[in-house]
Amino acid sequence: MKMHTACHLLSVVCPYPITGAAVNIDNSRVDFDLSLATITKEETTEKLMALVNANHPVYTKWISETELDSDPSIIKSQNVRPPRGLEKIRLVCIGENACIDSQPCGGTHVTETAEVGKIHIRKIEKKGKENRRFRLQFGDTI
Ligand SMILES: [Zn+2]
């Protein structure tokens, strides 16, 4: 739950299309379609911890496809497309009134971002010209 929630936070501080991900108990990786070489693990870690320390509420909300179609901005993470053909879509919201993020997700999450605890980007690997692999790990930065 903690690591999965941390991946949501990573998609907030790193708002690029996600091309792949693998979530494990104490570490995970997320691949982004990203060619910028300017993004560093230090600043990404700093932004992540700012979200954790701010202790934003995490909650779910069900919306209908009609509601979504009338206001597509409900989904803030544009890189996550909701499944279609379902009557209801489960949104995971972070922050008061989803001010930080909202995206369709059926997974389990913590209820406040502070529960994620200390987390850092261990490594950003270059995987191809326009792909960056972010390795996320619990604990203090080494
Ligand atoms: Zn989720």
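The legends below accompany several close-up views of a predicted model.

**View 1. Overall fold of the protein chain.** Taken along the principal axes, the box filled by the C-alpha atoms is roughly 45 × 35 × 25 Å. Of the 142 residues, 27% are buried, and among the contacts with a separation of 6 or more, 61% come from residues 24 or more positions apart.

**View 2. The open sheet formed by β3, β4 and β5.** Three strands make up this open sheet, arranged in the order β3-β4-β5 with antiparallel pairing. Because β3 (58–64) and β5 (101–104) each have a single partner strand, they stand at the edges, and one side of each is left without a neighbour in the sheet. From one strand to the next, the twist averages 30 degrees.

**View 3. Pairing of β3 with β4.** Strand β4 covers residues 88–94 and runs antiparallel to β3, the two being joined by seven bridges. Within this pairing, Ile63 stands opposite Ile89 in β4.

**View 4. Helix α2 and its buried side.** Helix α2 comprises the 13 residues 41–53, which at 1.5 Å a residue should span 18 Å, and this agrees with the 18 Å that separates its end C-alpha atoms. Thr45, Leu48, Leu51 and Val52 are buried in α2; seen down the helix axis, the buried residues fall within an arc of 125 degrees, so they line one face of the helix.

View 5. Which exposed residues does α2 carry on the face turned away from its buried side? They are Glu42, Glu43, Ala50 and Asn53, whereas the buried residues of the helix include Leu48 and Leu51. Just after α2, Asn55 takes a positive phi of about 50 degrees.

Note on methods:
Residues numbered from 1 in each chain as written. Predicted model: local features only at pLDDT ≥ 70, side-chain atom pairs only at ≥ 80, totals over all residues. Pairing = 2+ DSSP bridges. Helix = DSSP H or I, 4+ residues; strand = E, 2+ residues; numbered from the N terminus. Axes fitted to C-alpha atoms, helices over the stretch in contact; angles between N-to-C directions. Buried ≥ 20, exposed ≤ 12 C-beta atoms within 10 Å, placed from the backbone. Contact = placed C-beta atoms within 7 Å. Expected span 1.5 Å × (residues − 1). Arc of directions from axis to C-beta.
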